[in-house]
Amino acid sequence: MKVSAMIQGLAVEVNHLEAEVERLNKLVYLDPLTGCFNRRKLDEVSIEDSASGIWAAIDICKLKAINDTHGHALGDAVIASVGSVIRSATDRVFRTGGDEFVVLFSDCTADEAMSVMERVSPMVEAMNVLPEPIVIAWG
């Protein structure tokens, strides 16, 4: 076998392994319902990142009532939609529980982080997942 053929074969194998690592990282670190990072990923955020960042906790208000009234499938759609809206505004979003999210804002001021959250709330309320608006609480 020629060296160039061996190198080409190795390059194909490396590409395959890189794709497999990416697939496994998604399984390990992404919440399948929302596409947000999961609690495992949050636990691995380094102290340096978290110490210099600004955190926001977000909760979907009255999710239990939504589940009781409209069913868990629609409740899941609400969770997924809220996660999508938050991710559209910032990229370090973690789903930490059933209806709870955490956002880590790095490289911005507290005022900038607050501005993002003030934009997210009306975006969530404007979603057409339910007949009534969906409300989030954050701080």
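Which residue in β3 is the bridge partner of Ala 56? The legends below begin with that pairing. The model is predicted, with local features requiring pLDDT of at least 70 and side-chain atom pairs counted only at pLDDT 80 or more, whereas totals for chains, interfaces and linings use all residues. Residues are numbered from 1 along each chain as its sequence is written, and side-chain values use heavy atoms, with hydrogens and water left out.

**View 1. Strand pairing of β1.** Val 103 in β3 is the bridge partner of Ala 56. The strands β1 and β3 run antiparallel and are joined by 6 bridges; strands are DSSP runs of E with at least two residues, helices are runs of H or I with at least four, and both are numbered from the N terminus. Pairing requires at least two DSSP bridges between two strands. β1 also pairs with β4 (residues 136-138) in the antiparallel sense, over 3 bridges, and Ile 60 stands opposite Ile 136 in β4.

**View 2. The largest nonpolar core.** This core has 24 residues, and Ile 60, Val 124 and Ile 134 are among those with the most contacts inside it. A nonpolar core comprises buried Ala, Val, Leu, Ile, Met, Phe, Trp, Tyr and Cys residues joined through side-chain atoms within 4.5 Å. Buried denotes under 20% relative accessible area, exposed over 50%, and partly exposed in between (1.4 Å probe, protein chains only).

**View 3. Asn 67 in helix α4.** Asn 67 lies in helix α4 and is buried, with a relative accessible area of 14%. Beyond residues up to four places away in sequence, Asn 67 touches His 72 and Gly 75 (contact: heavy atoms within 4.5 Å).
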